[in-house]
Amino acid sequence: MSTVGELDPVIHVQARLRIVTVLDTLGPGDSLSFPRLQTLLNVTSGNLATHLKRLEESGYVTVEKVLEGRAPVTYISLTHDGRHAFRVYKKNLRALLEQTTVP
């Protein structure tokens, strides 16, 4: 039986998995505003900020504050490394789910 690759612990946390999944639906270089992402995920701003910080520290997302008029708006996008890590995560998860256990 072949071994399955490790599931990335940064992505594997449910909230971060949901964040990366949503951001992966965007094209490379596209971003979502913090309030829009918060609405899509139905999470508190504090919870979202905490998980985004961890993803940003890992190099999986970029968080950019832009001044629009007089109000700052925060935009989040998935980095190239984040997309790659998510592809590997999905591949390893599929392999894990398809793996049969021999009694």
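**View 1. Lining of the largest cavity in this predicted model.** The largest cavity is lined by A15, R18, I19, L41, V43, N47, L48 and H51, where a cavity is a set of points on a 1 Å grid over the protein atoms alone at which a 1.4 Å probe fits but cannot get out, and lining residues have an atom within 4 Å of a point. Its volume is about 30 Å³, taken as the space filled by probe spheres set on the points, and a search of the whole structure finds one cavity of 30 Å³ or more. Helices α2 and α4 each contribute at least two residues to this lining. Residues are numbered from 1 along each chain, and totals for linings use all residues, whereas local features need pLDDT of at least 70. Side-chain values rest on heavy atoms, with hydrogens and water left out.

**View 2. The buried face of helix α4.** The buried residues of α4 are L48, H51, L52 and L55, buried meaning under 20% relative accessible area and exposed over 50% (1.4 Å probe, protein chains only). Seen down the axis of α4, these residues fall within an arc of 105°, so they line one face of the helix. Elements covering them include α2 (14–24), α3 (34–41) and β2 (61–68).

**View 3. The opposite face and the end of α4.** Exposed residues T50, K53 and E57 sit on the face of α4 turned away from its buried side. The 13 residues of α4 (residues 45–57) should span 18 Å at 1.5 Å a residue, which agrees with the 18 Å between its end C-alpha atoms. Just after α4, G59 adopts a positive phi of about 80°.

Definitions and conventions
Helix = DSSP H or I, 4+ residues; strand = E, 2+ residues; numbered from the N terminus. Expected span 1.5 Å × (residues − 1). Arc of directions from axis to C-beta. Contact = heavy atoms within 4.5 Å. 1 Å grid on protein atoms, 1.4 Å probe; cavity = no way out; pocket = protein on both sides within 12 Å on 5 of 7 lines; lining within 4 Å.
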